[in-house]
Amino acid sequence: DPVSGQCQCKPGVIGQLCDSCAHQYAEVTEQGCQVVYKSCPKSFDSNIWWPRTGFGSLVEVECPTGAEGKAIRKCSEQSGWGAPDLFNCTHREMLPLFKDLTQLQSGDIEMTSYLTLKTVQHLYELTNSVEDLYGADILLISRLLSRVLQYETEQSGFNLSHKQERDFIKQIVNVASRILDEENLISLNKVRHLDSDIFVGLLDLFKTYGTTLARNRLDTYTNPFEITAPNIMFGLDTVDSIVSEGNPQYRVQENDGTSGASRLERVMESVIIPKYNHYMRDAA
């Protein structure tokens, strides 16, 4: 159909592309849908054609076009086909990064400033262009991002990558947010089964990285910032210990003190909490 895209299906065949049957144990043939016995029917799911498979068997096939690895699916006599498992699939665009990670883990190469910038740029582009991430993709991205953050926390001054690439921090925040999307929940749980501390460790590295940025803020002329992604918010702000009289943009949070403390003592025990939004508002 030129408007809806619906194909004209043969008897019993359903789906916009006429690629499935309403009956759980029927498969598409040239004559239409036909029921098969003692096996799960040939079917199309997750962009893969699954062959007719006997009850109680586990079938392994090539990952969808554009990905490497093997996808698996179980056929049960009680419930028919189970959900396809594409965890071990990897997008081909990810393979150069997989090679880099393997060499980093084996010690054949070391993380450098150039490799850090190249890796993050590549990860950012891929996580924005790839529609669905497979489990192996998420595991690869998580481990590479951890390597990047570990490297950055050991740097100082103008060796920090955000001084060489202005969008560096935005990129790592958005990459981390992308792998934590709710649509990746099944894969995330499997990744945690393989490496129970991977995501907690990643968030800890963000905290350590933030400390590194704060310590080098003056030397690198890093202004306060606030980056918000769908699943992560990461920012750097300042806390001033000098009271600005009459400044409506700040409020003073005083520590508990004795009732006889002088104003000077109260000032010395106080910090000025910045206003929630420290950016200029759009006049419009």
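Residues are numbered from 1 along each chain as its sequence is written, and side-chain values use heavy atoms, with hydrogens and water left out. In this predicted model, local features need pLDDT of at least 70, side-chain atom pairs count only at pLDDT 80 or more, and totals for chains, interfaces and linings use all residues.

**Confidence**

Where pLDDT is low, the predicted coordinates should not be read in detail.

**The sheet**

Helices (H or I, at least four residues) and strands (E, at least two) are DSSP runs, numbered from the N terminus. Three strands form an open antiparallel sheet in the order 9-11-12, where two strands pair if DSSP finds at least two bridges between them. Strand 9 (58-62) and strand 12 (80-81) are the edge strands; each has a single partner strand, so one side of each lacks a neighbour in the sheet. Two bridges join strand 11 (residues 70-76) to strand 12 in the antiparallel sense, and cysteine 75 has tryptophan 81 of strand 12 as its bridge partner.

**Two helix pairs**

Two packed helices are described by the angle between their axes and the distance between the axes. Axes are lines fitted to C-alpha atoms, for helices over the stretch in contact, and angles run from 0 to 180 degrees between N-to-C directions.

| Helix pair | Axes come within | Crossing angle |
|---|---|---|
| Helix 1 (residues 95-106) and helix 2 (residues 113-129) | 11 Å | roughly 140° |
| Helix 4 (residues 168-179) and helix 6 (residues 198-215) | 12 Å | roughly 165° |

Angles under 35 degrees count as roughly parallel, over 145 as roughly antiparallel, 65 to 115 as roughly perpendicular and the rest as oblique. Helix 1 is therefore oblique to helix 2. Leu97, Asp100 and Leu104 of helix 1 make the contact with Leu115, Lys118, Thr119, His122, Leu123 and Leu126 of helix 2. These residues divide into five nonpolar (Ala, Val, Leu, Ile, Met, Phe, Trp, Tyr, Cys and Pro), two charged (Asp, Glu, Lys and Arg) and two polar (the others, Gly among them).

Helix 4 and helix 6 are therefore roughly antiparallel to each other. Phe168, Ile169, Ile172, Val173, Ala176 and Ile179 in helix 4 meet Phe199, Leu202, Phe206, Tyr209 and Leu213 in helix 6. The residues of this contact comprise eleven nonpolar, no polar and no charged.

Key. Contact means heavy atoms within 4.5 Å.
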